[in-house]
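Thanks, everyone. I'll keep this short. Please have a look at the model first.

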There are 2 protein chains.
Amino acid sequence: MQTIKFKNKPYLSNGYSIVGPLEGKGPLKDYFDYILKDDTLKEKTFEKSERKLLQDIIVGAIDKAGLRTGDIDFFFGGDLLNQIVSSSYTARELELPFIGLYSACATMAEALALAGIFVDNGLAKNVVAGTCTHFSSAERQYRFPLELGNQRPPTAQWTITGGGASIVSNTPSNVRLVAATFGRVTDFGVSDVNNMGAAMAPAACDTIIEHLKNMGRSPRDYDMIATGDLGKLGSEIFIDLMEHEKIVLGKNYCDCGCMIYDKTERVFMGGSGAGCSASVFNGYILSKLKKGEFKRVLLVSTGALMSTTTSQQGDTIPGIAHAVEFEYVDKSTAKKEVKGD
Amino acid sequence: MQTIKFKNKPYLSNGYSIVGPLEGKGPLKDYFDYILKDDTLKEKTFEKSERKLLQDIIVGAIDKAGLRTGDIDFFFGGDLLNQIVSSSYTARELELPFIGLYSACATMAEALALAGIFVDNGLAKNVVAGTCTHFSSAERQYRFPLELGNQRPPTAQWTITGGGASIVSNTPSNVRLVAATFGRVTDFGVSDVNNMGAAMAPAACDTIIEHLKNMGRSPRDYDMIATGDLGKLGSEIFIDLMEHEKIVLGKNYCDCGCMIYDKTERVFMGGSGAGCSASVFNGYILSKLKKGEFKRVLLVSTGALMSTTTSQQGDTIPGIAHAVEFEYVDKSTAKKEVKGD
């Protein structure tokens, strides 16, 4: 079965998020732990800025949970740069055992799912799962150097500068990981790299349907179902695909890429990048979960798995989505649960 | 603890390996399942050849184990191409739930370790873990297009064309996974991308010491300790580093990169690439384990975590090594084990 149900429901102790200046002007600005004033982070190249950003996020998450680096058993991470160098060099600085991942923008959910499995099965006490992206390093690796001043087509999304990390632990807190579904790679033949939302929508659909079926739930059971970064057009396609499968999503559905920017910010279809669902989850969604304003959430990070080489060689864009379900537990619920949930 | 001891010791049903024409002339030629006559696999680009190669390997492993694609719960894989596209596109073709990994040439051990964890904890019945590399796609992505005819320095290694995959299962067979150690990222300041063995040797040392300590074993307890692809110079450095830590390795130590080519093949320091330990393990080592000629083996795949961008920006090369321990079980041993091991 694609869905792993956590038997001990490991705890999500804390999340930590940092975003760039543009993201820090958006509607979720009050939920991020730190907003950068200078997105170079005083580094000489954007790639080094991205690396420093991830390092600050991981250290921030560990600190916020009241832990030290030595308390962390494993670091689950990945990023969009070739050979996931932001994560590898972060792991080098922090001297943590490192499990390197790549699922493009679905990395946050992949990392959380594996982190959950390790803690759930007693293989670790505290682990950290995190990722980030940087607009400027992504632009020059995947598209064009910023100096060229290229125009963007209207279906394009904006790779966010920012990211987030979560501490998954066996120490009780009021948010738990319930289950995770690892996605299949789907491909509906989209080859336009400026329309990645369309390429990822079928994957989100496939994973969510599988998750709902295996958990015996309907969309109504969630206070929030959040896709990673389908963007405005991608999430419209996603809603249509779900309706085609006779699953009607309500107002509890949202997309992290649509939430992170204001309409006045000229980002076309919204945010994207591994850091998008990472920052929105660890910033906004987790803070709502911790307060009990959301009782049950499904995070579905979505990734487009192409490379510049596959695009140049005429391949279409495969998509993947991984889902992780979280629940809020207050004291009375916790008691009920012991009696038999 | 960095080492995960498998409580149920999941089974390694089968391994499958394919190598290119050059590797197929080497000393291990009789152990590979298939030797390519044409390393383009009739594809138009080397990247597509690599993808086809991985697909053939994964399908080969599933077939050899007498399973169908539908029997496989998860595919754990990664490769050296940017955004691990060989693995992602293979996952698309096979329609398997996909857990994308990146640990450079340490990917085989990372995939086997996670595969072991999933089966050991009852999260899956049968999973496939695999990776591969292609000399020609690696050359043009990491170094120079072959058409340039660049000379290679004497410390250079040769990215192998080939790879392997393993089926990890809860169905009994005579090889079991005993434990796995996930490595830390180490960096001794090597910045020469033509001397990656030296960059990876400290990581191999760190992981093996940790594994031996946590398992309460000495190198003598293994019939083979195989590092991934340190090559000739790298494994000499590794032996020195181990001696410095008062651990003397005997004749049971070998390096997959040194084993795969003949001295007459002009490959300088030996083989490298994610496919190196993947093909040598699933070809040679596993066949010795299955026959009981090896009773206990430690596979330590080693990875150099740089990218072309980090090299261009003056960074040194971080290394990582993940270790997986296997044992042969014959019927009499199996009985003893039930009584209490």
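Start in chain B, at K246(B). This residue sits in the loop between α6 (231-244) and β11 (253-255) of chain B. One caution before we go further: this is a predicted model. Now the backbone. K246(B) is not a glycine, yet its phi is positive, near 65 degrees. Is K246(B) buried or exposed? Count the C-beta neighbours inside 10 Å. There are 6, so K246(B) counts as exposed. The cut-off for exposed is 12 or fewer.

Now go to chain A, to Q83(A). Here too phi is positive in a residue that is not a glycine, at about 60 degrees. Where is Q83(A)? Look in the loop between β4 (74-77) and α2 of chain A. Q83(A) has 28 C-beta neighbours inside 10 Å, so this residue counts as buried. For buried, the cut-off is 20 or more.

Next, how the two chains are related. Rotate chain A by 180 degrees, with 0.0 Å of shift along the axis, and it superposes on chain B with an RMSD of 0.0 Å. That is the relation of a two-fold axis. Which C-alpha of chain A lies nearest that axis? The one of L101(A), at 2.1 Å.

On to the contact between the chains. Chain A puts in 43 residues, and chain B puts in 43 residues. On the chain A side, five elements supply at least two residues each: α1 (46-64), α2 (85-94), β5 (98-100), α3 (107-120) and α9 (308-312). Of these, α2(A) gives the most, with 5 residues. What is that side made of, by class? It has 22 nonpolar residues, 14 polar and 7 charged. And 100% of the interface residues of chain A are also interface residues in chain B, so the copies meet through the same surface.

The largest nonpolar core has 227 residues. Which members touch the most other members? They are V127(A), I285(A) and L299(A), along with V127(B) and I285(B). Take V127(B) as an example. Leave out residues up to four places away in sequence. V127(B) then touches I72(B), D73(B), F74(B) and F76(B), plus A115(B), F118(B), V119(B) and V168(B).

K246(B) is exposed, whereas Q83(A) is buried.

Technical notes
Residues numbered from 1 in each chain as written. Chains lettered and ligands numbered in written order. Predicted model: local features only at pLDDT ≥ 70, side-chain atom pairs only at ≥ 80, totals over all residues. Contact = placed C-beta atoms within 7 Å. Helix = DSSP H or I, 4+ residues; strand = E, 2+ residues; numbered from the N terminus. Nonpolar A, V, L, I, M, F, W, Y, C, P; charged D, E, K, R; others polar. Core = buried A, V, L, I, M, F, W, Y, C linked by C-beta atoms within 7 Å. Least-squares fit on C-alpha atoms with pLDDT ≥ 70 in both.
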